[in-house]
Amino acid sequence: MRLMGRPGLHPPLTLDPGIVIGVQRDDGAFYRMRPVARTASGQDFQTSVPPKTPLRLWVFSRTLSVTSSEGRRLASQGEAIPFEAVEGQDTHIDLGVLDK
């Protein structure tokens with residue numbers, strides 16, 4: 001998962017970057033994504049999830065305004081985006097940051 005935005009808008013590359021991003025299964029199990037890399041264009045988060053399972057990418061931040069890959073502003077109290085991982089393939093989801 002890549003979080004993209006203007007330079008200076010990204011949280012620091014720490015275990016608690018000011019945003020909670022994770023993947024939730026239907027049974028409630030939650031896989032928190034951890035920041036793994038940062039470039040001039042964004043910050044990468046990752047986690048391992050079970051393939052062929054309905055999942056939801058869950059995003060929450062009190063400090064950042066986050067958008068979907070289509071540019072739609074996500075709910076500030078958190079929002080779940082449905083997807084399903086394909087076995088043997090990385091799943092890439094891009095999110096944007098509008099402002100602090």
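Visitor: Which side chain does Glu79 join in a polar contact, and at what distance?
Guide: The side chain of Arg72, at 2.8 Å. A polar contact is a pair of N or O atoms within 3.5 Å; within protein, one must be able to donate a hydrogen and the other to accept it, and residues adjacent in sequence count only if both atoms are side-chain atoms. This is a predicted model, where local features need pLDDT of at least 70, side-chain atom pairs count only at pLDDT 80 or more, and totals for chains, interfaces and linings use all residues. Residues are numbered from 1 along each chain as its sequence is written, and side-chain values use heavy atoms, with hydrogens and water left out.

Visitor: Which backbone atom does the Glu79 side chain reach?
Guide: The backbone nitrogen of Ala75, at 2.8 Å.

Visitor: Is Glu79 buried or exposed?
Guide: Glu79 counts as buried because its relative accessible area is 17%. The classes are buried under 20%, exposed over 50% and partly exposed in between, with a 1.4 Å probe and protein chains only.

Visitor: Where does Glu79 lie, and what is it in contact with?
Guide: Glu79 lies in strand β8, residues 79–84. Strands (E, at least two residues) and helices (H or I, at least four) are DSSP runs, numbered from the N terminus. Leaving aside neighbours within four places in sequence, Glu79 is in contact (heavy atoms within 4.5 Å) with Leu57, Trp58, Val59, Arg72 and Leu74.

Visitor: On to charges. How many salt bridges are there in the whole structure?
Guide: Four, a salt bridge being a side-chain nitrogen of Lys or Arg within 4 Å of a carboxyl oxygen of Asp or Glu. One of them pairs Asp27 with Arg25 at 2.6 Å, N to O. Asp27 is exposed at 57%, while Arg25 is partly exposed at 24%.

Visitor: What does Arg56 form a salt bridge with?
Guide: Asp26, with the closest N and O atoms 2.7 Å apart. That pair links distant parts of the chain, 30 residues apart: Arg56 is in strand β6 (residues 54–60) and Asp26 in the loop between β2 (20–25) and β3. Asp26 is exposed, with a relative accessibility of 58%.

Visitor: And which residue does Glu87 meet in a salt bridge?
Guide: Lys52, at 3.6 Å from N to O. Glu87 is in the loop between β8 and β9 (94–97) and Lys52 in the loop between β5 (42–46) and β6, so the pair ties together parts 35 residues apart in sequence.

Visitor: Now the rings. How many aromatic pairs?
Guide: Two. Rings of Phe, Tyr and Trp (its six-membered ring) pair if their centres lie within 6.5 Å; planes under 30 degrees apart are stacked, over 60 edge-to-face and the rest tilted. Phe30 and Trp58 are edge-to-face because their planes are at 85°, with the centres 6.2 Å apart. Phe30 is in strand β3 and Trp58 in strand β6, so this pair ties together parts 28 residues apart in sequence. Trp58 also pairs with Phe60, stacked, at 6.0 Å centre to centre and 20° between the planes.

Visitor: Which elements have the lowest and highest mean pLDDT?
Guide: Strand β1 (residues 2–5) has the lowest, 59, and strand β3 (residues 30–32) the highest, 89. pLDDT is the predictor's confidence in each residue, from 0 to 100. The protein averages 77, and 81% of the residues score at least 70. Where pLDDT is low, the predicted coordinates should not be read in detail.
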